[in-house]
Structure formats: C-alpha cells, structure tokens
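Here is a short report on one protein chain. Keep the sequence and the 3D view open as you read.

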Amino acid sequence: MEGTFREQLFFLVLCLSVLKGDARYIEDNDISTEGLFSLLNSELKRELPEELMYRRSLRCLDMVAVEGQFTFTADRPQFSCAAFFIAEPNEVISVDYDNVDIDCRGGDFIKVFDGWVMKGEKFPSSQDHPLPLSQRYVDYCDSSTARRAVRSSQNVAMVFFRVQTAGSGFTLTVRRLTNPFPCNVISQTPEGTFTMVIPQQHRNCSFSIIYPVEVQVSELNLGHLNDFPIQKSSPGCVEAGDFVELLGGSGVDTSKMITVADLCYSNSPVRMKIACDNTVVRMVSSGKFVNRVSFNYRLLDQQDLHRIRGNSVEDYCFSG
C-alpha cells in the first residue's frame, strides 16, 4: 500500500480525534488500522532502560506500543475516546489504574477491553477468545468489577473512556508481560516469522497481519495422522478437528473473513499471496493434540498488487 495513501488515512484518523455524539461506546468507530499503525514510527517506539519509567500524556485517540505511565487530562468535555495498546507477539498487556479523577455518577467511564474494536468488529472474534464478550469489558465505574489492574489475553488491549469535566482525568500504568504460548496476535510489522503452538487445548488462535502480504507456511505439525490424508465427505478441513486456515478480508473479525486455503495434514510448504487489508493465519485445535505451525510473511509490493487485481481476490477481500 502506497505511503501517500497511508498518510491520508493517518490524517483522517487525526480528524476523528474529535468524535461526536453521546454514544456510550465508540465501538462503531471509523478508525483506520493504517492510521493507527503509522503512529508506531513515532517516539512511542523508543526503548528506554528498565529503571526509567516512560511518561507522557494520553490523547483522546491514541496508540501506545511501549510500557510506561500515560495520563489523560481533559481540556474540554470528551465524550468518546479510545486508546489502543499493542505489545510484541509473545507478550500480553497489563493495565493498572493509578490516579483516577472522573465522575462515574455523572456519566464518565473508563473501560478496558480485552482486544481491539475497529469499525464495530472485534479482535479476537468471539469464536477465538476464551472469555464471553461481557467478561472482556472491565468498567472502572462498576463496583462489582472494581480492579486496579487488568490483564489482556493477547498482545493487544484497548481503553474506552469518557471524561466530561475539564481538568478531570486519570493515569494508567501499562506493562508488557511474557506469554509462553501466544494465541491471537496482531502483528506490528508487515514482515516477519512466527511459530504458533497450541498445547493440547481446545481453542482457536489467530495471527493477524493488517497488510496485504505473501504468507509461506514452512512447517505444519498437527497431532492427528500428520503423514496421512484426512478422509473427508465434504470440501475443507472442518471434519479433521485440527487444522490451519489462511483468511483474507477487510476487517479484524476473523469470523467475517473468507477462507483462502485450509490445511489439515503435513504436506509440502504452502505459499499464498493475499492482497487484502487483513491477512490471518488461524489454527483450530480440538485439544487432543499438540499442534504447531510455523510461517513467514512479507509485504506485497506494487507489482504484486497490480498483478493480483486481475483476478477475483479483491472481490472476497471487500465483500460483506
């Protein structure tokens, strides 16, 4: 995707920082992933010595990719704000409330969401997340869930907040913790390698790359008869119980994406070019076996994109 196009989207995101309306949530935001990821090239990406705590103000619409303390102070009534947090693939995020000065009874709120919400779609999807949707929100103003620290299940988390009184606000301390078995990841970069392992757990794991990329699956080790084809009465790998699928689409909800390819037994390496805004490697595990998939990915160049536009790929990338 051309830099100028990403820059235009970034400026669109900046314009959205003044969000309108009195809606309680901003889940149906029109925030662009390209705009958010452009912030990763800013000062947020600096590495600091462990003994120093990075501190800065938090904006009404923000993206945070490092540990530190982040303080939001309203200079005017702010009704619909959101901060996106992202860590490395093998990390989860801990969000601690330090100093909170908001009027819960007057309609202010701070809600931590376990995942990301983009244009009404959630990552991870309800099919892939271990918790029901209601338990993925932690409301500071809800006395029944009053917790000073919230930990995500994957490398991304989000904070929705409303602060209606100038001068009021809060401070959050964000830490990144090691996750020995990463499941459900959003990649910060359009190129890299990753190995996903599900150790005899009945769950689904998705690795999301919010770029058009080429994916090469270099290793696939599924517990069921790896070296023998699966006998199927219908196309696809659903009957196998344990399989990997490559998905493409324009949103972040994997349940709304199109299956480009599915793999249910070891075979020669698989290489696919997927010219969608979002490409996902998703593993479905029955819990009976230890399943493993290794893959690498790279950003498609303009020549690749022009060539792919000649087929039907874009139809499924943007359908629905």
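## The chain as a whole

Of the chain's 320 residues, 50% count as buried. Buried means under 20% relative accessible area, exposed means over 50%, and partly exposed lies in between (1.4 Å probe, protein chains only). The chain has four helices and 21 strands. Both are DSSP runs, numbered from the N terminus: helices are H or I with at least four residues, strands are E with at least two.

Among contacts in the chain with a separation of 6 or more, 76% come from residues 24 or more positions apart.

This is a predicted model, in which local features need pLDDT of at least 70 and side-chain atom pairs count only at pLDDT 80 or more, while totals for chains, interfaces and linings use all residues. Residues are numbered from 1 along each chain as its sequence is written, and side-chain values use heavy atoms, with hydrogens and water left out.

## An open sheet of four strands

Look for the order β14-β21-β16-β19. These four strands form an open sheet, and the pairing is antiparallel. Strands β14 (192-199) and β19 (270-274) are at the edges; each has a single partner strand, so one side of each has no neighbour in the sheet. From one strand to the next, the twist averages 20°. Angles run from 0 to 180 degrees between N-to-C directions, and the axes are lines fitted to C-alpha atoms, for helices over the stretch in contact.

Two strands pair if DSSP finds at least two bridges between them. Eight bridges link β14 to β21 (residues 290-299), in the antiparallel sense. In one of these, proline 199 has valine 290 in β21 as its bridge partner.

Strand β3 (residues 68-73) has two faces. Gly68, Phe70 and Phe72 make up the covered face, while Gln69, Thr71 and Thr73 make up the uncovered one.

Strand β1 (residues 55-57) runs parallel to β3, joined by three bridges. Here arginine 55 stands opposite glutamine 69. Strand β12 (residues 169-178) runs antiparallel to β3, with six bridges. Phenylalanine 70 has leucine 172 in β12 as its bridge partner.

## Asparagine 155, a buried loop residue

Asparagine 155 lies in the loop between β10 (149-151) and β11 (156-163). Is asparagine 155 buried or exposed? At 1% relative accessibility, asparagine 155 is buried.

Its side chain reaches the backbone oxygen of isoleucine 186 at 2.9 Å. Beyond its neighbours within four places in sequence, asparagine 155 touches residues including Phe85, Pro89, Ile93, Asn184 and Val185.

Serine 134 sits in the loop between β8 (121-123) and β9 (137-139). Serine 134 is exposed, at 61% relative accessible area. Valine 138 belongs to strand β9. Valine 138 is buried, at 5%.

Serine 134 is 21 residues from phenylalanine 113 in sequence and 9.8 Å away, C-alpha to C-alpha. Valine 138 is 25 residues from phenylalanine 113 along the chain, with 6.6 Å between their C-alpha atoms.

Terms used: Polar contact = N/O pair within 3.5 Å; in protein donor to acceptor, adjacent residues only side chain to side chain. Contact = heavy atoms within 4.5 Å.
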